[in-house]
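Please look over the sequence and the model below before reading on. The report that accompanies them is meant to be read with the structure open.

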Amino acid sequence: MWVKALDMVLEKMKASGFDFSQVLALSGAGQAWLCLQQQHGSVYWKAGASLALRDLSPDRSLYQQLQMCFSISDCPVWMDSSSTAQCHQLEAAVGGARVLSQLTGSRAYERFTGNQIAKVYQENPEAYSQTERISLVSSFAASLFLGSYSPIDYSDGSGMNLLQIQDKVWSQACLLACAPNLEEKLGPPVLPCSVLGNISSYYVQRYGFSPECPLVTFTGDNPASLAGMRLDEGDIAVSLGTSDTLFLWLQEPTPALEGHIFCNPVDPRHYMALLCFKNGSLMREKIRDESASGSWREFSKALQSTEMGNGGNLGFYFDVMEITPEMSGRHRFNAENQEVAAFPGDVEIRALIEGQFMAKRIHAESLGYQVMPKTKILATGGASHNADILQVLADVFGASVYITDTASSACVGSAYRAFHGLAGGVDMPFSEVVKSAPKARLAATPNPGAAQVYQALLPRYAKLEQRILSQKQSL
């Protein structure tokens, strides 16, 4: 399906008159809209597939020539949650979930590729033995353009539970726990923004690409999004959508049992972290309907009419089981830390928004994030259009909030990374490469006194969160 999709895209571009000879460099990502957000997906090349990939005929489509090149026809992807047993096996093999997190940046997750590979090996050993190469979705796409197997870049590789994020090498303990001969099937990982070589002659002859067009390592959709949003050291991107997602640029990470640490996709000296919160815009919409008569205008008025800190009233709102932290239900506390059944409507609204952003800051800091004097917060997603929500975000984090019109940030980030590779890769600062890109617009700056208010509230919020979790565990 993916091979056929690439054929269709390129044929449509050719039919529209697109001049492929003007493409100066090419990169990409295992990107959301094309690949169902498959940063964590794997492709299994059958023995002998490298020859078919090398000897592509420009007179025939990729689909016609590569149909028989895969030992597994249905690729495991990020939505696969069937590898729980393999996750337990991997954690046990290395000494527990925390050890695995320190080693690979994350505890074992079902959607992570190492655990998916382990399941393939255990349940379909014949297909595994017939596999000569295992690609991620990103390196698979790059291989199609390169005409040979593309290596996995550090950033996407660190979403596999297999890569030692500090040393940038495959963990031998993790490889052995998943499947035999796995290092040989994966190939060595490489620096992000590495030039892999020039595009395959197939694309030169069939579509008119320049034979000198370099191919830059592809990566995952989340790392590509960090590049697309042009984050710099100390910056944070907050996507306020159905789920809320945080991308963090970290210098010294502290991997934990929650969240994920990846190698940075544009600077191998640094790292990126990702935190996902399920109760995002849908939760905000529920409270809007319940406490503001379904009106965003009334919702904003409530934020404007209540003070920073909400008189000490704090709230936790998880109508679906949350990822970070792992809890559910609604919990409200007054200034004396007593749990109460309800808040007035305007207090409820501020408690929701302050609570969502305090949780994000607390869990970001648990991964090593620190607000710096130059820190910028880049807000995207539906709720980023609400100036009053962004004001609370600025106040809680103590940093200015910017918004951008950039859509499809993973696609844009792939283009930036191609340009980065063309300009010299890691020897050239990424900020220099994107300095002429459109600037984000300032949307909110912290109010005077915000730092003092939230420095007092954040420890309280964290303790109450632990109190709720402890109560849940005791039950």
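Predicted model: local features only at pLDDT ≥ 70, side-chain atom pairs only at ≥ 80, totals over all residues.

Residues are numbered from 1 along each chain as its sequence is written, and side-chain values use heavy atoms, with hydrogens and water left out.

The pLDDT, which is the predictor's confidence in each residue on a scale from 0 to 100, averages 94 over the chain, and 97% of the residues score at least 70. Over residues 32–38, however, the pLDDT is below 50, and this stretch has 17 contacts in the model beyond near neighbours in sequence, a contact being heavy atoms within 4.5 Å.

The structure holds 16 salt bridges, a salt bridge being a side-chain nitrogen of Lys or Arg within 4 Å of a carboxyl oxygen of Asp or Glu. Three of these pairs are listed here.

| Pair | Closest N to O distance |
|---|---|
| Asp-267 and Arg-269 | 2.7 Å |
| Arg-361 and Glu-365 | 2.8 Å |

Arg-361 and Glu-365 both lie in helix H17 (residues 345–366), 4 residues apart, which is about one turn of the helix; helices (H or I, at least four residues) and strands (E, at least two) are DSSP runs, numbered from the N terminus. Arg-361 is buried at 16% relative accessible area, while Glu-365 is partly exposed at 34%. Glu-432, at 39% relative accessibility, likewise counts as partly exposed. Apart from the pairs in the table, Lys-286, Glu-290, Asp-319 and Arg-330 are linked in a network of salt bridges.

In helix H15 (residues 281–291), the buried residues are Ser-281, Met-283, Arg-284, Ile-287 and Arg-288. Seen down the axis of H15, these buried residues fall within an arc of 160°, so they line one face of the helix; the arc is that of the directions from the helix axis to the C-beta atoms.

Ser-293, which follows H15, sits in the loop between H15 and helix H16 (296–305). Ser-293 has a positive phi near 55° although it is a residue other than glycine, and Ser-293 is exposed, with a relative accessible area of 72%. Lys-168, also not a glycine, has a positive phi of about 60° and lies in the loop between strand E4 (163–164) and strand E5 (169–170); at 12% relative accessibility, Lys-168 counts as buried. A further backbone feature is the peptide bond from Thr-324 to Pro-325, which is cis, with omega near 0°, and Pro-325 is placed in the loop between strand E13 (314–318) and strand E14 (329–333).

On the surface, Leu-24, Phe-419 and Leu-422 form a nonpolar patch with about 310 Å² of accessible area together. Such patches are made of residues with over 30% relative accessible area and no salt bridge, like charges being joined within 9 Å and nonpolar side chains (Val, Leu, Ile, Met, Phe, Trp, Tyr) within 5 Å, and accessible areas come from the Shrake-Rupley method with a 1.4 Å probe, where for residues only the protein chains shown count as cover. Leu-422 is found in helix H19 (residues 409–422) and is partly exposed, with a relative accessible area of 41%.

Conventions: Buried < 20%, exposed > 50% of the residue type's maximum accessible area, 1.4 Å probe, protein only.
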